[in-house]
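Visitor: I am new to this structure. Please show it to me and walk me through it.

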Amino acid sequence: MLEAKVYITLKKTVADPQGLTIKHALESLEYKEVKQVRIGKLVILQLDMNDEEEAKKRLDQMCQKLLANSIIEDYTFELAPVN
Amino acid sequence: MITKETYRALGLRDEEYQRILDILKREPTTTELAMFSVEWSEHCGYPRSRNLLKLLPKTGKYEALIGEDSGGIIVDDLAIIFKMESHNHPSQIEPKQGAATGVGGIIRDIFTAGARPVASLNSLRFGPLSEPYNRYLLKGVVDGIQFYGNCLGVPTVGGEIYFDESYSGNCLVNCMSIGITHKDKLARAKAFGVGNTIMYVGSSTGKDGIGGCSVLASQEFKKGEEKRPAVQIGDPFTEKCLIEATLEALETDYVVGIKDMGAAGLTCSTSEMAEAGDSGIEIELNKVPRREEGMEPWEVMMSESQERMLVCIKKGHEKEISAIFEKWDLHGVIIGEVIKEKVVRIKNNDEVIAEATPDSLASAPVYDMPFEKPSYLDEINQLDLDTISEPEDYSKVLLKLLSSLSIASKEWVYEQYDHMVQTNTIVLPGSDAAVLRLKGRDKALAATSDCNSRYCYLNPKAGARIAVAEAARNIVCSGAEPAAVTDCLNFANPEKPDRYWYFKNCIEGIVDACKTFNIAVVSGNVSFYNESTEGPIYPTPTIGMIGVISSLKDVTTQYFKDNNDLIILLGETKNELGGSEYLKVIHDKVKGDAPGLDLKSESLLHATILAAIQKGFVKSAHDCSEGGLAVALSECCISGDNMIGASITLDGEIRKDSLLFGESQSRVIISSDADSAAKIEKIALKHNVPFAIIGKTGGDNLKISINNEKVIDSKIPELRNIWKNSLRNSLTAE
Amino acid sequence: MNFGIIVFPGSNCDHDCFYVIKDVLKQPVRYIWHKETGLDNIDCIIIPGGFSYGDYLRCGAIAKFSPIMASVIDFANRGGIVIGICNGFQILLEVGLLPGAMHRNTGLHFICKYINILTENRDTVFTDICAKDQVLKIPIAHNEGNYYIDERSLRELEDNKRIVFRYCDADGDVSQRSNPNGAVSNIAGIINKRGNVLGMMPHPERSSEGELGSSDGLLIFKSILKACKGLK
């Protein structure tokens, strides 16, 4: 069994009003060191397979087909075995 | 072994537990104890309010329908089903999900009656927004309502929002839903017919909302196990599918009865459907679809997972019904049947784990609660007007009142609600009442919710009468005849006699007003224990009212339409300032008595306005409420798309601030052309309603003079800006 | 002409569109369930507003894979007229019949209100009977109507007059002030290259009768009707 964590964020070139709002809120709480905030989604999937290479290939497809919209979103994922 | 600590922690008194022992003639099982405790709780069994609720009139000029979970009226061949319900405590803890599931729950009560939900309203109350937590609550509640309602495609067309310190620590979220069906197509929450099937439909069951019974867990299971939050999570998409599937299933002739799994889920739905159908039900818990592993039987029985319903189906037609639910990707699972013995029998893997008669579960004890007028009230009711200084600048006072958040425009809120979907909303939010057309007919419905709880605090009987009268006035101003009421009674701890005194008097006030107007209270809900460490909330009997507009040409809105129209005030302005927004906002006082109200005069006012509207004499109609005449006039000028000024001349012997900002009841501002004004005067005269032409529309300012002295001269855009933006500004300036 | 209205489980403007076509426009119309694939005898497809499959992941993301959308793509590629309204527009973007993507309104709130749109291109089957530069009063109701497209593609849209509607004020002025959701260049509606597929965020079906506050939306449905009659 594998567990995948897929992180989906807006592309750097696309404005992120949610992130901006949170950045302003943090600034008003005096966290001046915050230079950028980007909001995204985390999707956790459990995969009934053990071949990590194959899993990566299939995850790539899942992201491109459904999980992310490649026009405005980027994605990355982590893969780890689970019991 | 059931201990005293266990049943007490479940909210049962010693004598109530004894009664359970007498009924069962043995010690209850854990599941039975849980079932009795919730069925006899205030939430389901109304032991502390039933005696008084009986007094509410159940008949009126429109034929009333009183169902198990909702009520309504007959209009032509249609049944208009509606109800209001509170979701206060869940919203105080988790405002978004609390409000969302409040909307979801009340809408299920409507479509389980067979009616398609056509509109929602919300009556909300919060503490002052100067406190960050109150801002968080308001934003969260609004987010929850839009999240749920918008997805369902049920327009949120109206409601009210008030702010007062008494709601800090205990906000109020009262959700009202309206549905429509053909009167022959109503469904009932009954199970009967031996051998008929009991089917579970909708979402899976999880451990949501069993917090109230978590004592059973801490007792029986591993200590320190994570206590589940009592907050349920709403899934509007599933509810949307459930609406469509349910209405489709009800189109077949195979559904005997159907009930929402709301409070205490399977427990209430099984026992109440059996009780209502005078029958027995047996179910097998291992057939109930689960969302999580390792649930105890009592957890399955108590779960308040959302978007689930119980359906009684004619034997032999299970496939047709489950196919409909499966088409919408919902569960449709047979879990039991109607049995001959009049018992509710719960089995888990063939073992009987609970068995009790439906009537014993439904026979919650009834208590006559002690009541006593609070000792502090006499002093608070004293108001010596001579100690109230009259302001120097009335224009400034007007601006201040228009910026008071209870009065200011709620545009920031209702713009986030889809209020147009279903394309029936012909008067959009922001007028006295929302108006919904009935497609294909020359008829419409008006809907509003009202309650000035400060009046109820000062004088509960008068305050409750005013709540009904104001709702009716709003309905009438939109061109409709008041038709029926749903009430949501929000009060503090009923076991404290001073709190209960408020409850008793408010009920009596509602009864008086509804009887005078000849309208029934067709549904409602009681929410007690609304108090925090800060103290009790103001007594808040929210009145939801439906009116019927007999022809679309009668639909009327509150704002001025044309220049050079005459402005008429119907009703009398008295020298009273008690409980007014002016006294609170400008003088920081909550004192005096609620404004006087004569219910007969109020009825005559309604008759006058309706007659004038139906004859086509009225261009706009707006009732005077919080902030008095000056605020109402401002709203006539600024709440429409076209801003139109007005010049007003008042005279009288009473104080200027009473004249401008006092909240005397039974007053309405209308505008009309000169010819019509003369005809309206005749109608008013006939009904003995005070009539005065107080001015003329036109210009860029609102000018008011009293006894020939100019007291207010304000630019319309300035009034509009402050009224329109105050709420937005107080929420976004962080 | 025959209209077909696609019904996803979370569609909630399907009844409203149906009502306008049948009772206001007096044309034959039928619902088409998302699990179906047949579009026989349909002249115009409406993909209505709503929340298709709940839209919990991303508006329109799952609708893309429904059986009916494959047929709709095929229909569009054969020149059939398709109009996607609100969620329908979002779905048309997801399936690639129109370029660009939606993200959340800059105010981060759902917005439901009457706004104005400028008819920038009246030379389409959807706007044929609109006057030149006509301003339409029409409501929006969405959380994610903030249209995004990269600059190069935007230029392509502009150059080919594919921007049909832009948010404007009552006088037809297009500016940041009249932009309710942050959409690039105030874009409220676009068409495909061939001109047979329109996506728009505002709801014409909510403004097709005077008693609802505006009947400007009806111009769009009437234009489609006229175009179809002309084709036959």
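Guide: Start with one term: two strands pair if DSSP finds at least two bridges between them. Helices (H or I, at least four residues) and strands (E, at least two) are DSSP runs, numbered from the N terminus. This is a predicted model, in which local features need pLDDT of at least 70, side-chain atom pairs count only at pLDDT 80 or more, and totals for chains, interfaces and linings use all residues. Residues are numbered from 1 along each chain as its sequence is written, while chains are lettered from A and ligands numbered from 1 in the order in which they are written.

Visitor: How many bridges join strand β1 of chain C to strand β3 of chain C?
Guide: β1 covers residues 3-7 of chain C and β3 covers residues 44-47. C:G4 has its bridge partner in β3(C), namely C:I45.

Visitor: How many residues of chain B are in contact with chain C?
Guide: On chain C, α1 (14-24), β6 (111-119) and β7 each give two or more residues to this contact. Chain C brings 21 residues in total, and the count for chain B is 23.

Visitor: Which element gives the most to the side of domain 2 of chain B that touches domain 3 of chain B?
Guide: The bounds, from an automatic or database domain assignment, are 53-183 + 373-732 for domain 2 and 195-339 for domain 3. Their C-alpha centres lie 37 Å apart. The contact takes 24 residues from domain 2 and 21 residues from domain 3. With ten residues, the element that gives the most to the domain 2 side is α7(B).

Visitor: How are α7(B) and α10(B) oriented to each other?
Guide: The two helices pack at an angle of about 5°, with their axes 11 Å apart. B:G104, B:I107 and B:F111 of α7(B) take part in the contact, and B:I243 is one of the residues from α10(B). Angles under 35 degrees count as roughly parallel, over 145 as roughly antiparallel, 65 to 115 as roughly perpendicular and the rest as oblique. The helices are therefore roughly parallel.

Visitor: At what angle do the axes of helix α3 and helix α11 of chain B cross?
Guide: B:M35, B:V38 and B:E39 in α3(B) meet B:T267, B:C268 and B:S271 in α11(B). The axes come within 10 Å. The crossing makes α3(B) roughly perpendicular to α11(B), at an angle of roughly 75°.

Note on methods: Axes are lines fitted to C-alpha atoms, for helices over the stretch in contact, and angles run from 0 to 180 degrees between N-to-C directions. Two residues are in contact if their C-beta atoms, placed from the backbone, lie within 7 Å.
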